[in-house]
Amino acid sequence: QVQLQESGPGLVKPSQTLSLTCTVSGESITNNDYAWSWIRQPPGKGLEWMGVIHYDGSTYYSPSLKSRTSIFRDTSKNMFSLQLSSVTPVDTAVYYCARISWRVPRDWGQGTQVTVSS
């Protein structure tokens with residue numbers, strides 16, 4: 001059974017870069033049956049898809065976040081990471097990593113709260 005676990009700082013200062021890592025167990029991130037995404041939920045709002053990294057390392061980002069977002073992976077550690085630059089308090093959210101199958105998130109990490117504040 002696949003398990004995903006987010007990790008990273010819970011507090012980031014404005015204008016800095018938010019960095020999170022998702023460690024995956026029970027499934028290889030190079031399995032071509034799946035893709036891997038970052039999704040966030042700001043307080044009181046709905047889920048926002050941020051981007052995806054495919055089994056071959058190719059990426060695609062939400063157009064609204066593309067200029068600030070980078071998703072990359074470390075296949076030797078079976079993990080993938082998110083960087084979001086130039087953050088503002090608007091980027092405060094619970095951040096989730098998820099396994100994607102047939103374009104739908106099937107498995108989720110527990111989520112990690114990230115607050116942007118000075």
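**The salt bridges, up close**

Reply: Arg40 and Asp91 pair up through their side chains in a salt bridge, 2.9 Å from N to O; the term covers a side-chain nitrogen of Lys or Arg within 4 Å of a carboxyl oxygen of Asp or Glu. This is a predicted model, where local features need pLDDT of at least 70 and side-chain atom pairs count only at pLDDT 80 or more, while totals for chains, interfaces and linings use all residues. Residues are numbered from 1 along each chain as its sequence is written, and side-chain values use heavy atoms, with hydrogens and water left out.

Back to that pair: Arg40 sits in strand E4 and Asp91 in the loop between E8 and E9, 51 residues apart (strands are DSSP runs of at least two residues, numbered from the N terminus). Arg40 counts as buried at 4% relative accessibility, and Asp91 does too at 1%; buried means under 20% relative accessible area, with a 1.4 Å probe and protein chains only.

Asp91 also meets Arg68 in a salt bridge, again 2.9 Å from N to O. Arg68 lies in the loop between strand E6 (59-61) and strand E7 (69-74), so this pair ties together parts 23 residues apart in sequence.

The structure holds five salt bridges. One of them joins Arg99 to Glu27, with the closest N and O atoms 3.5 Å apart. Arg99 is in strand E9 and Glu27 in the loop between E3 and E4, so the pair ties together parts that are 72 residues apart in sequence. Both Arg99 and Glu27 are buried.

Definitions and conventions: Helices (H or I, at least four residues) and strands (E, at least two) are DSSP runs, numbered from the N terminus. Buried means under 20% relative accessible area, exposed over 50%, partly exposed in between (1.4 Å probe, protein chains only).
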